[in-house]
Amino acid sequence: MARTAVSGRLAWRVARLAEFRDETPTARTLVFELPGWPGHLAGQHVDVRLTAADGYRAQRSYSLAAPADGDRIELTVQRVHDGEVSEHLAGPYAVGDPIEIRGPIGGWFVWRPKDPEPVLLVAGGSGIVPLMAMVRARRAAGVRTPFRLIYSLRTPAEQYYADELRTPMPGLDITYVYTRELPEGRPGIPRRIDVATLNTAGWPAEFGATCFVCGPTGFVETVADILVALGHDPHRVRTERFGPSRD
Amino acid sequence: MGVVTPGFRGRARGDDPRLPPGQYLAQDFPVLSAGPTPRIRTDTWKFQVTTETGQRLQWTWAEFLALPSERPVVDIHCVTQWSKLDTRWRGVAVDVLVGGLDTMADYVMVHSYDGYSTNLPLADLLDGQAWIAYEYGGKPLAPDHGGPARLLVPHLYFWKSAKWVRGLELKTRDEPGFWEAAGYHDYGDPWREQRYQGD
């Protein structure tokens, strides 16, 4: 990431939608043109601000989905019911429309290509977004850091970045967990992520892997608890939670 | 006013005077933390207050529960833009814990069992503005919300209300805590939208 004064980094900039791709019927990847973008680390997020004609404003945080491509950045927005921002961004928001963005933000849930430790990524649903940024940053940097990705989904139709993840990437092992519906022809029954999954598809604790866990709160709590129980150092288990709590 | 995004209307204007700028009302109680939820046992739990001269006060869980408590009903505001109104807590006012100390400190570093820390001016923890809370909604504070005890300082963004607290370090010099060193604002007033350094 380019060194930039904090005040400049966190100033609002006007971005415009350059292109978009639908990942699923309810999730859309938005590519913004953002002149003067200082660059970012995989795992960081931005704040997005929308202003209505009468001055009403709404602001949300979204994870960056990919390394910067010059002045272009990517977010993937999941449309949530009654979500005033996500329904606009993943709906009528059109190429050329302006929006305000500031960032990058967050210095903890980040992965740097120079980090030598093996990496475990555990995604629940749309929690894949910042983890995909790490997968893409690894590929872009051409490093061989061993990566394992466990991606939990309700159904195959809800998968983001499906074509890209189908293309083998040396050194990246991917395990899918389906909680409601399996892909055609896959044996077994739908199930939730559990100790066996993390024990088999993760790294042995003594490898000292850095674990990044992102998803709904209940999912992250479960996975982080299991990783600690399996012997992973709690300080190497980095989490990003969204959505309501369990209670 | 910033740039207008064509076609964006937003939801119906509540104009709730209790909602700081940029915040929306959360129906639930979201959980945000940087790592796994630590499970802190109350039989080994201790809470410690230290001063710049090395003076130290310490309470066990039983001693802490025996301190005079209050039941604040407060609005809370998270930097990730949700707010929750009229949350009901029970805890010990920080005044009770530090009231008897002889100190010239102006700042406090709050320490947690998971290694988390956050910095605040001491003045913001006094005069009935802050508590070490151990009940939420009439029940023991759940681990994912910071139980057995967390700091509650509702007039600042909620990351200042450190979970799983183990002590207050009174200091004469201000130093950034965990999120503050990562770019979040040193003070964090939601009414002035002090989210990040430089706001």
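In this predicted model, 12 residues of domain 1 of chain A are in contact with 14 residues of domain 2 of chain A. Contact means that the C-beta atoms, placed from the backbone, lie within 7 Å. On the side of domain 1 that touches domain 2, the elements giving two or more residues are β1 (13–24) and β5 (72–78) of chain A. The residues of that side divide into six nonpolar, five polar and one charged. Here Ala, Val, Leu, Ile, Met, Phe, Trp, Tyr, Cys and Pro count as nonpolar, Asp, Glu, Lys and Arg as charged, and the others, Gly among them, as polar.

The domain assignment of chain A gives domain 1 as 6–105 and domain 2 as 119–242. Such bounds come from an automatic or database assignment. The domain centres, taken over C-alpha atoms, are 24 Å apart.

Now strand β7 (residues 119–124) of chain A. Six of its six residues are buried, so β7(A) is largely enclosed by the rest of the structure. Buried means 20 or more other C-beta atoms within 10 Å of the residue's own, again placed from the backbone. Strands are DSSP runs (E, at least two residues), and helices are runs of H or I, at least four. Strands pair if DSSP finds at least two bridges between them.

| Partner of β7(A) | Bridges and direction |
|---|---|
| β8(A), residues 147–153 | Six bridges, parallel |
| β10(A), residues 210–216 | Five bridges, parallel |

A:Val119 stands opposite A:Phe147 in β8(A). A:Val122 stands opposite A:Val213 in β10(A).

Residues are numbered from 1 along each chain as its sequence is written. Chains are lettered from A in the order in which they are written.

Definitions and conventions
Predicted model: local features only at pLDDT ≥ 70, side-chain atom pairs only at ≥ 80, totals over all residues. Buried ≥ 20, exposed ≤ 12 C-beta atoms within 10 Å, placed from the backbone. Contact = placed C-beta atoms within 7 Å.
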